[in-house]
Amino acid sequence: MDESIANRDFLGRIREEFELEDVDIRTYSPLTLAFIGDCVYDLIIRTILVGEGNRAVNGIHKDKSNLVNAGKQAEMAEKMKEFLSEEELEVYKRGRNSKPQSRAKNAGIADYQKATGFEALIGFLYLQGKNDRILEIVKKTL
């Protein structure tokens, strides 16, 4: 089975198993999209780090923390803007311009806003089953 098809099926299986209704994700708030996008990005980074080989969890966690933070995500957001579609750029901007209720521990407000836009885009693509596009964005910007 094609790997990208299997990945898309995972989201479908979650929806099926938990009897989730189809919802137009364009109606979701950018912070809701960022909520799930943060998790998806975190899982990608954890998978990469674990895939590099078995080692002490403390070291893996430190490496993960260097890649999963508002500063790094803001840097990635700047890099990705040049190759996003119009729709993707719109989702990113909605996330960036949202008004989150919390603040990043170790980042300024501008970086936090860019990171929220990045996470919103990742969440949007995930909920559409566009895992290949997520991986393309992460790989080009990491």
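Begin with Y41 and F118: both residues are buried. The model you have open is a predicted one. Keep these two residues selected and show their side chains.

**Stop 1: the aromatic pair**

How many aromatic pairs does a search of the whole structure find? It finds one. Y41 and F118 form that pair, and its geometry is edge-to-face. The ring centres are 5.3 Å apart, with 90 degrees between the planes. Now colour the two helices involved. Y41 sits in helix α2, residues 30-51. F118 sits in helix α6, residues 109-127.

**Stop 2: the whole chain**

Zoom out and switch to a cartoon view. The chain has seven helices and zero strands. From the N terminus on, the order reads α-α-α-α-α-α-α. The radius of gyration is 15 Å, close to the 14 Å that the globule rule gives for 142 residues, so the chain is as compact as a globular protein of that length. Along its principal axes, the C-alpha trace spans about 40 × 40 × 30 Å.

The chain exposes about 8,900 Å². Carbon and sulfur atoms supply 52% of that area. Buried residues make up 35% of the 142 residues. Contacts are worth a look too. Take those with a separation of 6 or more: residues 24 or more positions apart account for 73% of them.

**Stop 3: K72**

Select K72, in helix α4, residues 70-80. Is this lysine buried or exposed? K72 counts as buried, because its relative accessibility is 16% and the cut-off for buried is under 20%. Its side chain joins that of E75 through a polar contact of 3.2 Å. Now show what surrounds K72, leaving aside neighbours within four places in sequence. The contacts are Y41, N66, L67 and L142. Y41 is the tyrosine of the aromatic pair from the opening stop.

**Stop 4: V138**

Move to V138 in helix α7, residues 131-141. V138 is buried, at 2% relative accessibility. Which residues touch V138, once neighbours within four places in sequence are left aside? They are Y41, I44, M76 and I122. Y41 turns up again here, as it did around K72.

**Stop 5: E88**

Draw a distance from V138 to E88. The two are 50 residues apart in sequence and 14 Å apart in space, C-alpha to C-alpha. E88 is found in helix α5, residues 86-96. This glutamate is buried, with a relative accessible area of 8%. Leaving aside neighbours within four places in sequence, E88 is in contact with L121, L125 and R133.

**Stop 6: a lysine over a ring**

Select K140 and F83 together. K140 lies over the face of F83. The distance from the ring centre is 4.4 Å.

**Stop 7: two loop residues**

Find G129 in the loop between α6 and α7. G129 is buried, with a relative accessible area of 7%. G129 and D9 are 120 residues apart along the chain, yet their C-alpha atoms are separated by 8.1 Å.

Finish at E19, in the loop between α1 (3-17) and α2. What is the phi of E19? It is positive, about 50 degrees, although E19 is not a glycine. Most residues other than glycine have a negative phi. E19 counts as exposed, at 70% relative accessibility. G129, by contrast, is a buried loop residue.

Key
Residues numbered from 1 in each chain as written. Predicted model: local features only at pLDDT ≥ 70, side-chain atom pairs only at ≥ 80, totals over all residues. Heavy atoms only, no water. Phe/Tyr/Trp six-rings, centres within 6.5 Å; stacked < 30°, edge-to-face > 60°. Helix = DSSP H or I, 4+ residues; strand = E, 2+ residues; numbered from the N terminus. Buried < 20%, exposed > 50% of the residue type's maximum accessible area, 1.4 Å probe, protein only. Lys NZ or Arg CZ within 6 Å of the ring centre and 35° of its normal. Polar contact = N/O pair within 3.5 Å; in protein donor to acceptor, adjacent residues only side chain to side chain. Contact = heavy atoms within 4.5 Å. Rg over C-alpha atoms; globule rule 2.2 N^0.38 Å. Areas by Shrake-Rupley, 256 points an atom, 1.4 Å probe, with all protein chains shown as cover.
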